[in-house]
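Please guide me through the reading of aromatic pairs, charges over rings, and strands in a protein model.

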Amino acid sequence: MRFDRKTLLATTIIAGFTVLAPSIAAAQDQQPAPAPAASSNEVTEVVVTGSRIHRNEFNSAAPIQVITSDTATLEGLATTSEILQSSSLVAGAFQVNNQLTGFVVTGGPGSSTISLRGLGANRTLILVDGHRMGPAGVGGTVGPFDLNVVPSSIVDRIEILKDGASSIYGSDAVAGVINLITKKNIDGGIINASGRVTQHGGGDEYDVNAAWGKVFDRGFFNVSADYNDQMVLHRGDRPDTSCAADYVFDPTTFKRLDLPGLNGGFKCFNGAGFANVLRTSIGDLIYPDAGITYPTPSQGNSTGSGAPIPFGLERQARAGFPLTYPYAHEDNALYQRQSIISPNKLYTLNFRAGYDLTPDTELTFGLLLNRRDSQQLGSRQFFPVVNGANPNVPAGFAANFGLLEPIIPAKFDFDQTVNYANAYVGLKGKFSEFPVFGGWDWELYGRASRSDATYGYDFIYNDRVNAVIGSQACNQSAITISGGQCSSIPGGIPLLNKAELSGQFTPAEQAFLFGHEQGKTTYDEQEFEASMTGDLFSLPAGKVGAALGFDYRHNSIDDTPGFNNRNGNLWGSTSAGITKGSDAVKEVFAEVDVPLLKGMPIVKSLNLQASGRYTDYDSYGSNTTYKVGLDWQINSWLRLRGTKGTSFRAPALYELFLANQTGFQGQTAVDPCIQWDQSSNANLKANCQAAGVPAGYVAANSSSALIITGGGAGHLKAETSKADTLGLVFTPSFVDLSVAVDYTDLQVSNEVTTFGAGNIVNSCYTAANFPANPFCQLVTRAGFNGPGNTNGPGGTNVPEILTVNNSYVNVASQVERAIDLTVRYRHDFDIGRFQLDSQLTWDLHNTTQLFAGVPQPSYSGTTFGFKGPAFAGVTTLRFEHGPWTGLWTVQMIGPGSDVDLIGETGSSTRYSSTCRVGAVTGPCSSLIGTGTLTVIPVPVALKNRVEMTTYHTISLRRTFDTWVVQGGIQNLFDERPPSVSNTEFRAGTAALNGYDVLGRRFFLNISKKF
């Protein structure tokens, strides 16, 4: 079962070149051919992102990757986020997309962002036609650009700068820059319809778009509209997502140990599917299901003394008795209804125009309007503790069972409506007669964007729950916030009855306990930029180019959660206050391109590019950044390039102004003083004892700690980073081949993050200056003689952690090193043109460090539960013959292993049938009734690794005079995500993030020009 990480790089290199090597080798045997005329859908030269100089991706000092819309359409990719999240630079890292139902994500549910090299979406700058656009989203954490606002139908190509560029673009350009270049010069009209249908049902997608424009002597205008409908994929639509099995093995024979299910296959342990259960002092109990034969008392289906369970109940499952597990309630209809791919509808209208005021002056303006209607279908557990004296508790339950905690399934849906607008106006021209800058181009540009959103969510009224679980059927005085009336539920709610326990409430009960409310978020951003570019003077090797500019931006956020959320009246959920704040920045920047040498031995050309920027933020102060690059053309076929520079990221508005949000963590996750007397840390022992924590403390009967997260305005500074790249470009003249290899080293310091509640408490109690250590000011403990400390819910004898303030701070550092390989080969045959394009990325090193001087493991080459696999690649084979074009794309996600981080062995009582009572050890069934059973766990082998996964897409296109028809198959071989030993891996969690959960699907695209 052990996976050797040392073989990872070698095996993925071999895998990548298995596709490339035959094509490159064959290319080297060909005779030189005349350069073919460029087709209309090729990028021959582009204005490279990261500079204002015209270059293509194989002669830039900075590493650039270009993705064309033509290739994306042939691959059946319908949205901008699908195109970007399938590229090699991001396929090996966690991304925010619509596979994250139930997870808290930056930008709010339904958003879709991009994180280059796994450094985070906040550290990847998104541009549209070289300019910023404001973010969109819901909740208090709106920050990164939401790709949903730009439909792929208006995108001509995507340029990805693979290193930092804050000296050119300002904040956020830490991991790189993605520039979405839109389609221009539309003369006429086009309408396009496409659909993607899955073979196994669920998750279909449809898109309709149209554009019309006119180009005339002194200007142009065009308008386009787009509608995209991503339909839901439910958890129950795929066998592997509907059943989260343990996936564990015998450590000796490696035979699968998973328990059998009642209906064949393996037993599912579906997380939130665990419901319809009554938790008591004698264990978890269930009402019997029809048609099920339950184990006998001697087989574990008994009270602690071995007697049958009273009142016709059965034991849910009992450690040490594997036969009690197959019929256990670990699934329900609401769980199977959850969305794995959440439904999403996008509506976009885009208008742009330009007019030549004079032969040297052009006025441009545009307006983009976008609306997103998205939804996430979720489920949860509702588990209040009911007072045994409540009139709705069946007679005898309290006396026989003690604790009465029903675990009830409940719907937990979210919905969002995001209305987004971005308007701009630009004026550009040329200084034809200006004495100093004659011939220079100048541009004035202003824009404003607004995200206006509402978001809804299901919740449970906390005050109404308290009203019906006490000693009264319904205590009206407990309803202090929501205004509910006990009169609407005469007699209260019998939460322990079979119907209510399974979530089948009457309409009146449903309306009393469960609610749905909305919050509202607006985010505004305005920008003005002035720049000019041209030649300064001439050197023997050529002209010295330069660019100068000024930029001003202002942004503001205003998020108001719903009434019950703001007032802490959500049972079992976090609460949030109003997040409101603004920031502004003023910047000046300059760039030069200096030709140093030309036409010398081993120096065909040598160019130096340098840039610098001064930034002044209202929120924290000023920064300076720089970048230098060297582009050395050794001869006609070999080029070396390299860059060195600094970048920064200003704290996002939510990191500055986020209103306090509350959540909960168990004591064992945050309190280092649990069993402190067994610790070897002298400071911890002394400090826990000084805090009044008794020796042997195990946090019994304790409540969860309240975790508070808020903004860090007033003390947060900008993140800073350093980036070095070194590359080699091979473009031989005897064959149409281009090969670029680039090495990138990124180091980010002072990362803004939450430190973690457990880290904060641990830093406090292991400090030599306890309790004066600053971390101790963020912690309150019951019974500790410090400011703000009181007795906790567990009572005076439970010295539990009460609260931890886990707000944003500058604390982390991150290091990322990677190698990128870009290959393009073309050859013209008598029957047509063949083209190979390949983008391969090897992630060599990725660490995040919270504590200075404490070594951290590299998360490169892990599963998506951590950072993600170390290798990712996309290779495309294309053949054009007259009006026909065929495409075969191979997307590769490399192997990953968590063995070095969490091991590959464990233990479990679920598969054991051996118990101990006192000094006697034997079969659990023979020891029932002889005393307190202690189950002896058995060792299990875990699969904490994933295999290399490959997805194939094929398509064929036929072009007519005014019609284009194309169809294809994505995930040709119906590849499913790999399995690991984690009961939630198949359940649509972050571990599935990088993989295709839809399976094989068929797509068709038809377009008509007019």
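The dialogue below takes up these topics in turn.

Q: What kind of model is this, and how are residues numbered?
A: This is a predicted model, in which local features need pLDDT of at least 70, side-chain atom pairs count only at pLDDT 80 or more, and totals for chains, interfaces and linings use all residues. Residues are numbered from 1 along each chain as its sequence is written, and side-chain values use heavy atoms, with hydrogens and water left out.

Q: How many aromatic pairs are there?
A: A pair of aromatic rings is described by the distance of the centres and the angle of the planes. Rings of Phe, Tyr and Trp (its six-membered ring) pair if their centres lie within 6.5 Å; planes under 30 degrees apart count as stacked, over 60 as edge-to-face and the rest as tilted. By this rule the count is 26 aromatic pairs. The ring centres of F397 and F401 are 5.2 Å apart and their planes stand at 75 degrees, so this pair is edge-to-face. F397 and F401 lie 4 residues apart in helix α7 (residues 397-401), about one turn of the helix; helices are DSSP runs of H or I with at least four residues, strands are runs of E with at least two, and both are numbered from the N terminus.

Q: Are F397 and F401 buried or exposed?
A: Both F397 and F401 are buried, where buried means under 20% relative accessible area, exposed over 50%, and partly exposed in between (1.4 Å probe, protein chains only).

Q: Which residues form a cluster through ring pairs?
A: Ring pairs link F382, F383, F505, F514 and W571 into a cluster.

Q: Where does R256 lie?
A: A charge sits over a ring if NZ of Lys or CZ of Arg is within 6 Å of the ring centre and within 35 degrees of the ring normal. R256 lies over the face of F266, at 3.9 Å from the ring centre, and R235 lies over the face of Y335, at 4.4 Å.

Q: What is the order of the strands in the open sheet?
A: Strands of a sheet pair through backbone hydrogen bonds, either parallel or antiparallel. Two strands pair if DSSP finds at least two bridges between them. The open sheet has 5 strands in the order β3-β6-β7-β4-β5, with mixed pairing. Its edge strands, β3 (64-68) and β5 (131-132), each pair on one side only. Strand β4 (residues 124-128) pairs with β5 in the antiparallel sense over 2 bridges, and L127 stands opposite R132 in β5.
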